[in-house]
Amino acid sequence: MISVYMKATNKCNVGCTHCYLPEQVRANGFRMTEAVIEQVAAFLTEMQAKGRHERSFILWHGGGHLVLPPDFYFRAGELLDRLLPGHDEGIQTSLIPFREEFIPLFLERFGGLAGTSIDFGQRQIKGSVEAYHQLFMKKVDVARNAGIMVIPGVVPSTLDLGREREMVSWFMDRDFPAFNIDRYNSYEAVFPDRPSNAQHARFLIGLADALFERMETEGHAPVVGAIRAGIGGVLLGLPGDRWGGSCMSDFVVVEPDGSLNNCPDKSTLEMPFGNVADGYTAFATSKLRRKWIRHQNITHKQDYCMSCENQHFCQSGCPITPNG
């Protein structure tokens, strides 16, 4: 399956410190046109055929892309249904701009599921994390009351280290059946609140411990993709989450103007791998794209990777996060 990050707009005013988009990019209100959406459909049709992929999953991404009205996404969906039959769609959003007028869109186009994100230190309203959380939960309640399931994601910063049990309690107290953990990447940038690899690993260990404790005391705990993938890797040798994937070859990021990359964290920081208007062949033969595929498969692996007991499922992990 091809995973497509479809960026209707990069405009966003939430302002998270760990955001992969530079501030000047988030200030740009340019939106994707219908012509680009049609070109995306033709591009993916060719990519599916030549790469022997069964289908494409389109994740509307951004930016705070709910600044665009529901009609934009309904019209985009009509075009994609006609030109790219059999595809699936979802959305990842901060949820802060979510309003009742979006409810039919989420139920009809996105399967009643909202992928979102929440932070425990970086996002504030008038200097208050609690005020931000209160607004976030108001949006969650509006979505839930309409039958929409909300699955949050967390990008842990150094402010979150040692707070794993508090985090699990926060999600369980608010009846979240699942949440995700994403890596705080710093491609071509340095952030003082980014955890090191060792700190992030210890955070995941603490999170696993906290989840198992709740399983023992209460009989249930939220599903966390990174922990599930770690268990599946160690016990069954299955790749998952940031480990053992093929993102550099079967992920596509489409910027609002049709520019292409294979990773949202890199997309606005390096030269594009072409444009959907140029077709799939130009993207597939991009020297920069081929360089990243080689890096993921060969040069990202270090000597110690080959003797690591987990290399069979990890395969050196996220290719844009330096090993060590």
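Biologist: At what angle do helix α2 and helix α3 pack?

Modeller: About 35°, with the axes 10 Å apart. Here α2 covers residues 34-51 and α3 covers residues 70-83. Axes are lines fitted to C-alpha atoms, for helices over the stretch in contact, and angles run from 0 to 180 degrees between N-to-C directions. Helices are DSSP runs (H or I, at least four residues), numbered from the N terminus. The model is predicted: local features need pLDDT of at least 70, side-chain atom pairs 80 or more, while totals for chains, interfaces and linings use all residues. Residues are numbered from 1 along each chain, and side-chain values use heavy atoms, without hydrogens and water.

Biologist: Which residues of α2 and α3 make the contact?

Modeller: E34, I37, E38, A41 and T45 of α2, against F72, R75, A76, L79, L80 and L83 of α3. Contact means heavy atoms within 4.5 Å.

Biologist: Now α6 and α7. How do their axes cross?

Modeller: At roughly 50°, coming within 8 Å.

Biologist: Which residues of α6 meet α7?

Modeller: E164, R165, M167, V168, S169 and M172. Their partners in α7 include R202, F203 and E218.

Biologist: Which helix gives the most to its lining?

Modeller: α7, with nine residues. α8 and α12 each supply at least two.
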